[in-house]
Amino acid sequence: MGNSSDRDLIGYGENPPHADWPGGARIAVNFVLNVEEGAEYAVGDGDGRSETALTEIASPRVPMGERDLAAESMYEYGARAGFWRLARLFRDRSLPLTAFACALALERNPEIAAVIRRQDWDVCCHGYRWIEHYRLSREEEQAQIAKAVASLEQSLGQRPFGWYSRYAPSVNTRALLAEEGGFVYDSDSYADDLPYWVKTGERDHLVIPYSLVTNDAKLVNAFTAADTFFHMLRDAFDTLYAEGQERPKMMSVGMHPRILGHPARTAGLVRFLDHVQAKEGVWICRRIDIARHWTKRFGRVASKAA
């Protein structure tokens, strides 16, 4: 991951492996709830600025260095209201999901941590705080990973088995995860519609790609209508479902409590869930379920093996 020679532009090529999802499913669908609220940049946490990303405004209005109370309250909405709306939706439908959780966010909201434990969602570590790991030195990043794991163990009663950086990893992230020894996979890739194995030093390491396309970030960066988001999710699902007759794939749906948790936007998610649940041959699963299936089905094999 350190230079251009690390890149794989071929992957599975024309003939990807048959995923052989449980029950003969044509598609694996994983819903990801990003729990970041309380772990974002904040003046009160000594960051010298308020968070500006993934809020309802295109650019900050408050001068840098001052508290942006509007932005803070938008994040608070996610923890106070949006999370619970989405949690109830998945609970009432008895559907699993994966939480991309920042450890500090769960420290500051033990009720959310309790729901994650009770619902048996799996947790993919999203860092101790919602910060860019590519800005950290190797030593700083190693310390942040260790701190995040220890914190999540305390909040949830078990360690996380997956990792996902804010937007992008550093050149050291994957090697540090392998050195830590307890991670089953990372999702620091947008490169495929299937999991794949990579070499990290002498170790084989599983990558389960994520998506910023089928992600509610589009609702603040590209369009605003819930129905438009539904159509995008539906079209992605229908394309992969059709392909799945011969070559099953996976689909990730990225959600944020402060974005999709607003009622006008949740409506689009409800329509999509109705669409997906009306189909046969769909495996709605947690990310750790995908990791375990892929390891059992394919073992630790090179990315081009069928």
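Ala-87 counts as buried, because its relative accessibility is 6%. The residue belongs to helix α1, which spans residues 69-92. The model discussed here is predicted.

**Surroundings of Ala-87**

When neighbours within four places in sequence are set aside, Ala-87 is in contact with Val-115 and Trp-121.

Strand β6 comprises residues 196-200 and is mostly covered, with 4 of its 5 residues buried. Its partner is strand β7, residues 203-207; the two run antiparallel and are joined by 5 bridges. Within this pairing, Tyr-196 stands opposite Val-207 of β7. The two strands form a hairpin with 2 residues between them. In that turn, Gly-201 adopts a positive phi of about 65 degrees.

Most residues other than glycine have a negative phi. Against that background, Asp-120 and Tyr-167 may be considered in turn. Asp-120 is a residue other than glycine with a positive phi, near 60 degrees. Asp-120 is placed in the loop that connects α3 (110-119) with β3 (122-125). Tyr-167, likewise not a glycine, has a positive phi near 65 degrees. The loop that holds Tyr-167 runs between β4 (162-163) and α5 (173-180).

How many disulfides does the structure hold? The count is 0. Cys-102 takes part in no disulfide, and the nearest cysteine sulfur, belonging to Cys-125, is 7.7 Å away. For Cys-124, the closest cysteine sulfur is also that of Cys-125, at 7.4 Å. Cys-102 counts as buried, since its relative accessibility is 0%. Cys-124 also has a relative accessibility of 0% and so counts as buried.

**Accessibility of selected residues**

The table gathers the accessibility values cited above.

| Residue | Relative accessibility | Class |
|---|---|---|
| Ala-87 | 6% | buried |
| Cys-102 | 0% | buried |
| Cys-124 | 0% | buried |

Key: Residues numbered from 1 in each chain as written. Predicted model: local features only at pLDDT ≥ 70, side-chain atom pairs only at ≥ 80, totals over all residues. Heavy atoms only, no water. Buried < 20%, exposed > 50% of the residue type's maximum accessible area, 1.4 Å probe, protein only. Pairing = 2+ DSSP bridges. Disulfide = S-S within 2.5 Å. Contact = heavy atoms within 4.5 Å.
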